[in-house]
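My notes follow, starting after the display.

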Amino acid sequence: MKIKNICCIGAGYVGGPTMSIIAQKNPNIKVNVVDMNSDKIAAWNSKNLENLPVYEPGLTKVVKATRGKNLFFSSDIEKHINDADMIFISVNTPTKSSGEGKGYAADLRYVEACAKQIAEVSKTDKIVVEKSTVPVRTSDKIKEILKLYNCSVDFQILSNPEFLAEGTAMRDLEIPDRVLIGGDNTPSGKAAIDSLVEIYSSWVPKKNILTTNLWSSELSKLTANAFLAQRISSINSLSELCEATGADIEEVSKAIGMDSRVGSSFLKTSVGFGGSCFQKDILNLVYIARSLKLNKVADYWEQILIINTHQRNRFSHKIMNCIHKNNLKDKILLLGWAFKKNTNDSRESAAIYIAKNLLSNGVKIDIYDPRVDENQIINDLSLFESNFKINNVNVIKEPFKNIKKYNLIAIATEWDEFIYYDWNDIFKKIKKPAFIFDGRNILNKDQIEMIGFNYFSLGR
Ligand code: NAD
Ligand code: UGA
């Protein structure tokens, strides 16, 4: 089937950027991105491109070139489902917060609601593409729902998981390592796969487009994330060992990564990984393994999360020890709230946990992030700490306006601007003794210590 009209349900961090690139690379296809959150749709339609709901380097340029031509953002979900030949489901799949599998399993209610709505609205045959990250065999559930609510049109289901990372999403979409497409091994299943391959072929070399069966595709996505997170927890566990032995984690990481069999990516020690996916996807993998009575497999993957929590707590405890030992009474400055640089996304950010740990010990904090807005920060804190005292937190727009009031600066996100601050000048103005806790190892240890700071980083 030659695709002329696409509908993407879910205008979030995946739906927005992914569809912008598909529209840009396929000017003859009309792409409608729909969402039940009308504020988000309004933000995607903002005249001022600075107000798009997702911050990603390079995104505004692509939206500017395509919006209103063949890319549209709309709240009219039913119309665009019905008009489409191909529908992407790109909605959130968070961890279940109640019921069976609470705290581990993926909550598929949004995916299932989409399937039901697609079935109820469709009057012509459709290809339904699972873009959200889902447990293996979710495609079966989607098929069942589609059949249950509509047996008069043909639905082909494809799995096309997304591998973009926030902060580099546009580059990842433009030059993906691979595009993965799973489908049924039937003539109509293969035809559906071909339709999606054709869309990606507009800019992705054929050798990078991998086709598999549905379940392999679903499981590959979950496990790819688990592999990446496993590397971070491995290096973070070694950072503690380095501190206990006098080795330097940056040197160890370089030495390990230069082995071409290992590779250097995802070996940067940190205060713990965050983001909306690593934790939820590993919890989901653990749940699947436990449900299949593969307890040793489940325990193996769960250990990644245990180390991640330990790393966040370890960092906060070090700050608390410093505050007590030096009898520091004033506020501290927390630099960074996003879960990584170059995004406005703070979901599961390590900064939230650090702030929560500090606040629960009565510490007052000023928080600065270049991209996460104040409402989001306060909202993140209220969700995690029901009785946190709003008076103990200040979200600031100029990080060094109150510099005379702090003894201690903690860095939670690796934003480039933090590296390039004038640390000499900051040292002149900050209260003494002055401490920096660098949760990302972004500053030059020797230079910072030479300036006069007491500098604490990870694993060195
Ligand atoms: P998101 O929360 O940013 O966006 C999801 C959107 O779906 C929301 O705007 C929500 O309002 C909308 N939505 C939910 N149910 C709906 C419905 N029934 N009808 C219409 N709209 C609905 O989520 P995201 O970060 O874009 O992630 C989406 C999926 O992609 C998840 O499964 C995630 O695991 C996966 N994923 C995310 C990333 C990432 O970097 N964020 C990368 C790869 C894969
Ligand atoms: C991750 C994967 O990299 C994507 O391939 C995947 O599509 C996505 O999850 C998803 O499924 O949501 P993302 O979470 O956006 O992407 O960003 P990453 O670059 O993977 O970083 C995740 C966290 O790990 C961040 O907090 C980052 O600071 C941390 N990290 C990353 C480290 O601590 N050390 C590293 O070496 C790399």
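Which residues touch the most other members in the largest nonpolar core? I found Ile-319, Leu-335, Trp-337, Leu-408, Trp-423 and Phe-453, out of 56 residues in that core. A nonpolar core here is a set of buried Ala, Val, Leu, Ile, Met, Phe, Trp, Tyr and Cys residues joined through side-chain atoms within 4.5 Å. Helix H13 (residues 350-360) gives this core its largest share, seven residues. I also noted a second, separate core of 42 residues, with Leu-52, Leu-59, Leu-158 and Val-197 among them. Nonpolar side chains tend to be buried together in soluble globular proteins.

**Ground rules.** This is a predicted model, in which local features need pLDDT of at least 70 and side-chain atom pairs count only at pLDDT 80 or more, while totals for chains, interfaces and linings use all residues. Residues are numbered from 1 along each chain as its sequence is written, chains are lettered from A and ligands numbered from 1 in the order in which they are written, and side-chain values use heavy atoms, with hydrogens and water left out.

I stayed with Phe-453, which is buried at a relative accessible area of 3% (buried means under 20%, exposed over 50%, partly exposed in between, with a 1.4 Å probe and protein chains only). Leaving aside neighbours within four places in sequence, I listed Phe-453 in contact (heavy atoms within 4.5 Å) with Trp-423, Ile-426, Phe-427, Ile-430, Ala-434, Ile-436 and Ile-448. Phe-427 is buried too, with a relative accessible area of 18%.

The rings of Phe-427 and Phe-453 have centres 5.0 Å apart and planes at 70°, so I logged the pair as edge-to-face. The rule covers rings of Phe, Tyr and Trp (its six-membered ring): centres within 6.5 Å make a pair, planes under 30 degrees apart are stacked, over 60 edge-to-face, and the rest tilted. This pair links distant parts of the chain, 26 residues apart: Phe-427 belongs to helix H16 (residues 423-429), and Phe-453 to the loop between helix H17 (445-451) and strand E14 (454-456). For the record, helices (H or I, at least four residues) and strands (E, at least two) are DSSP runs, numbered from the N terminus.

Ring pairs join Phe-427 and Phe-453 in a cluster with Tyr-368, Phe-400, Phe-418, Tyr-421 and Trp-423. The charged end of Lys-432 sits over the ring of Phe-427, 4.7 Å from its centre. That call needs NZ of Lys or CZ of Arg within 6 Å of the ring centre and within 35 degrees of the ring normal. Arg-371 does likewise with Tyr-55, its charged end 3.7 Å from the ring centre.

How many aromatic pairs are there by the ring rule? I get 15. One of them is Tyr-300 with Trp-301, centres 5.0 Å apart and planes at 80°, so edge-to-face. Tyr-300 is partly exposed at 49% relative accessible area, whereas Trp-301 is buried at 13%.

Pro-433 is in the loop between H16 and strand E13 (435-438). I also flagged Asn-441, whose phi is near 50°, positive in a residue other than glycine. Asn-441 is in the loop between E13 and H17 and counts as buried at 6% relative accessibility.

**Ligand 1.** I counted 26 residues around ligand 1, the closest being Asp-35, Lys-40, Thr-93, Glu-166 and Lys-280 (near means a heavy atom within 4 Å). A polar side-chain atom of Lys-40 is 2.7 Å from a ligand 1 oxygen atom. For Thr-93 I read 2.6 Å from a polar side-chain atom to an oxygen atom of ligand 1, and for Lys-280 also 2.6 Å, again side chain to oxygen.

**Ligand 2.** Which of the 20 residues around ligand 2 come nearest? I noted Phe-163, Leu-164, Ser-270, Cys-277 and Arg-440. A polar side-chain atom of Arg-440 lies 2.6 Å from an oxygen atom of ligand 2. A polar backbone atom of Lys-268 is 2.8 Å from a nitrogen atom of ligand 2.

**Last look.** Lys-268 is also one of the residues touched by Ile-235. Ile-235 is in helix H9 (residues 214-245) and is buried, at 1% relative accessible area.

Definitions and conventions
A polar contact is a pair of N or O atoms within 3.5 Å; within protein, one must be able to donate a hydrogen and the other to accept it, and residues adjacent in sequence count only if both atoms are side-chain atoms.
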